[in-house]
Amino acid sequence: MRVSKRASGAIALGAAFALVATGCSSSSDDGGDAGSSADGAITIDGTEPENPLVPANTTETGGGKIIDWMWTGLVEYPNDGGAPRNALAESIETADSKVYKIKIKQDTKFHDGTTVKAKNFVDAWNWGAHSPNGAQNSSFFADIQGFEDVNTADPDGADGPQKAPEPKAKEMSGLKVVDDWNFEVTLAAPTAVFPTKLGYSTFMPLPDAFFAGKAEDFGKKPIGNGPVKFVSWENNVSIKLTRFDDYQLRDKMKIKDVNLKISQDDNAVYSDLVSNNIDFQQQVPVAALAGDKWKQDLGERAISSVAPVTGIIAFPIYDKRFTNPKLRRAVSLSINRQEITDKIFFGNRKPADSWANPLAPGAAPGNCTACQFQVDEAKKLLAEAGGFSGEMVFYYNADASHKEWMEAVAQQVKTNLGINARAEGVPTFAVFRQNINAHKMKGPYRAGWQQDYPDVENWVNPLYVTGGSSNDGLYSNKQVDALAKEAGAAPSLDASHAKFAEAVKLIDADAPSIPVYFSGQQSGHSEKIKKMELTNVGELDITTVEL
């Protein structure tokens with residue numbers, strides 16, 4: 001998915017690892033006016049969330065950033081990309097990277113006034129892992145002992161007649177509440193990266209109110225524990241948030257209200273940004289990049305940044321036309337990434353040459369041989385695959401600037417391979433994601449990846465391990481699964497990264513998706529905002545905004 005956490009909190013120290021504190025900076029250096037900030041409001045660009053806002057069931061950026069603002073987890077990821085550090089956790093300790101003793105800060109509150117306790121984490125994680133609940137992020141709990149007892153797979157997929165067997169248990173044996181402020185996590189095997197994951201949204205606590213009703217109803221009026229609380233949600237129009245005045249951690253809001261304006265046209269949003277009718281747009285449209293027009297339009301309000309984000313095209317491998325890896329690799333090799341980044345993005349993106357974004361710890365540069373531009377080899381592989389009959393449609397969501405580069409990809413495939421290829425837009429991101437999750441895509445589709453937590457594991461397990469939370473094309477390779485499992489149980493991060501590198505070689509040969517570009521980000525803010533920062537993944541850190 002896509003989530004980051006705010007940059008503040010105590011330093012976490014454990015017996016087998018250390019989460020260290022670092023500073024953060026981005027954007028304007030001039031200080032804001034505390035008086036005008038305190039009761040101020042901003043309106044920012046947003047997208048309609050795919051699902052009701054439940055942390056363990058949110059895998060896309062539209063809902064993910066809202067959850068990130070409304071919740072505070074055990075650890076957080078500093079805005080400058082530094083090492084994770086404690087947020088709600090007082091301490092996270094382990095002697096063997098298998099048993100983790102977690103102590104949370106006392107007497108912090110949920111937005112309904114109830115106290116955040118250790119059981120709120122344990123209950124939330126058990127709910128997210130229990131497969132009958134259908135949480136999309138359930139695979140993130142697979143490290144925990146007893147996961148296989150609460151999570152069973154559908155033997156013939158969602159469309160088949162068989163159903164997943166009933167799990168043996170509702171709670172994972174590896175979770176234990178010690179008292180109100182302490183709980184213990186036992187993993188199935190030592191996992192050095194486990195504490196790094198704990199800032200990701202699926203590991204957020206849930207209030208008792210969540211378990212008293214239906215998850216869908218809760219998600220329409222969510223109750224978090226972060227610096228802002230939910231006010232209202234008008235579908236496809238706006239989502240309103242306001243400051244949580246009882247928030248006790250250090251990353252408190254400096255302004256009062258945040259209004260997300262749900263948009264279907266980023267060019268219209270950009271016009272509003274230039275005219276100061278909207279206060280922040282995370283990515284200006286492609287049309288504004290030509291000749292650095294956006295810098296001329298925005299002046300000091302323009303923000304250039306880099307983030308661990310990769311533009312990807314995924315294959316619906318559940319469609320028998322795309323099961324042959326030679327065909328998939330042929331399509332990837334037919335794409336001239338340098339031409340796309342130069343002519344479509346005017347040099348504001350970099351051609352992808354690796355499976356994990358180079359900003360991710362443990363990422364190996366240049367390991368995507370399928371990312372090379374080799375037309376002759378592509379033609380050879382296509383012939384070996386038996387060619388491709390009919391039309392190959394490349395799908396994208398049309399409410400953001402993807403039309404130009406997706407059309408360029410389709411044209412290159414058509415020109416270089418002779419395939420009848422074209423690009424087609426789906427009107428909104430929410431509908432686009434619903435089609436993807438329902439496995440109804442009839443051709444390759446845009447599937448960019450924004451880092452959830454800083455480690456190469458996040459670029460392998462969710463995307464390419466069987467049953468991964470964002471393995472939407474249903475790619476499966478038992479050798480990749482085995483190597484990823486070995487990587488997770490490696491005694492150190494270095495050993496883990498080496499094992500993931502072996503898995504990536506197999507992924508590269510199979511080409512289950514097409515990395516196209518590494519993102520550079522071009523954002524803008526209104527004149528109203530005097531000071532702000534971006535998170536480590538390029539989203540607005542609303543707790544830093546001053547007016």
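These questions and answers walk through a predicted model, from the whole chain down to single residues.

Student: How many helices and strands are there in the chain?
Tutor: Start with the inventory of this predicted model. Both kinds of element are present in the chain. The count is 17 helices and 22 strands.

Student: What radius of gyration does the chain have, and why does that agree with a compact globule?
Tutor: The chain has 547 residues. For that length, a compact globule would come out near 24 Å, so the chain's own value agrees with the rule. The C-alpha trace spans about 65 × 55 × 40 Å along its principal axes. The radius of gyration of the chain is 23 Å.

Student: What share of the contacts in the chain is between residues 24 or more positions apart?
Tutor: Count contacts with a separation of 6 or more. Then pick out those between residues 24 or more positions apart. They account for 73%.

Student: Which residue in E11 stands opposite Trp 233?
Tutor: Strand E10 covers residues 228–234, and strand E11 covers residues 238–243. They pair in the antiparallel sense over six bridges. The two form a hairpin with three residues between them, and Asn 236 in the turn has a positive phi of about 60°. Opposite Trp 233 stands Ile 239.

Student: Is the aromatic pair of Tyr 100 and Phe 194 stacked, tilted or edge-to-face?
Tutor: A search of the whole structure finds 19 aromatic pairs. In the pair of Tyr 100 and Phe 194, the ring centres are 5.2 Å apart and the planes stand at 45°. Stacked needs under 30 degrees and edge-to-face needs over 60. The pair of Tyr 100 and Phe 194 is therefore tilted.

Student: How many residues apart are Tyr 100 and Phe 194?
Tutor: Tyr 100 lies in strand E7, residues 99–104, while Phe 194 lies in helix H5, residues 194–197. Tyr 100 is buried at a relative accessible area of 0%, and Phe 194 is buried at 1%. The pair links distant parts of the chain, 94 residues apart.

Student: Why is the pair of Phe 194 and Phe 203 edge-to-face?
Tutor: Both Phe 194 and Phe 203 are buried. Their ring centres are 6.3 Å apart. The pair is edge-to-face because the planes stand at 85°.

Student: Which residues form one aromatic cluster with Tyr 100, Phe 194 and Phe 203?
Tutor: Those three rings belong to one cluster.

Student: Which side-chain oxygen reaches the backbone nitrogen of Lys 326 at the start of H10?
Tutor: H10 runs over residues 325–333 and is mostly covered, with seven of its nine residues buried. Among them are Arg 328 and Arg 329. The cover includes helix H17 and strand E20. At the start of H10, within 2.8 Å of that nitrogen, lies a side-chain oxygen of Asn 324.

Student: Is Ser 519 buried or exposed?
Tutor: Ser 519 is found in strand E20. Leaving out residues up to four places away in sequence, Ser 519 touches Val 306, Ala 307, Val 309 and Arg 349. Buried means under 20% relative accessible area. Ser 519 has 18%, so it is buried.

Definitions and conventions:
Residues numbered from 1 in each chain as written. Predicted model: local features only at pLDDT ≥ 70, side-chain atom pairs only at ≥ 80, totals over all residues. Heavy atoms only, no water. Pairing = 2+ DSSP bridges. Helix = DSSP H or I, 4+ residues; strand = E, 2+ residues; numbered from the N terminus. Phe/Tyr/Trp six-rings, centres within 6.5 Å; stacked < 30°, edge-to-face > 60°. Buried < 20%, exposed > 50% of the residue type's maximum accessible area, 1.4 Å probe, protein only. Rg over C-alpha atoms; globule rule 2.2 N^0.38 Å. Contact = heavy atoms within 4.5 Å. Polar contact = N/O pair within 3.5 Å; in protein donor to acceptor, adjacent residues only side chain to side chain.
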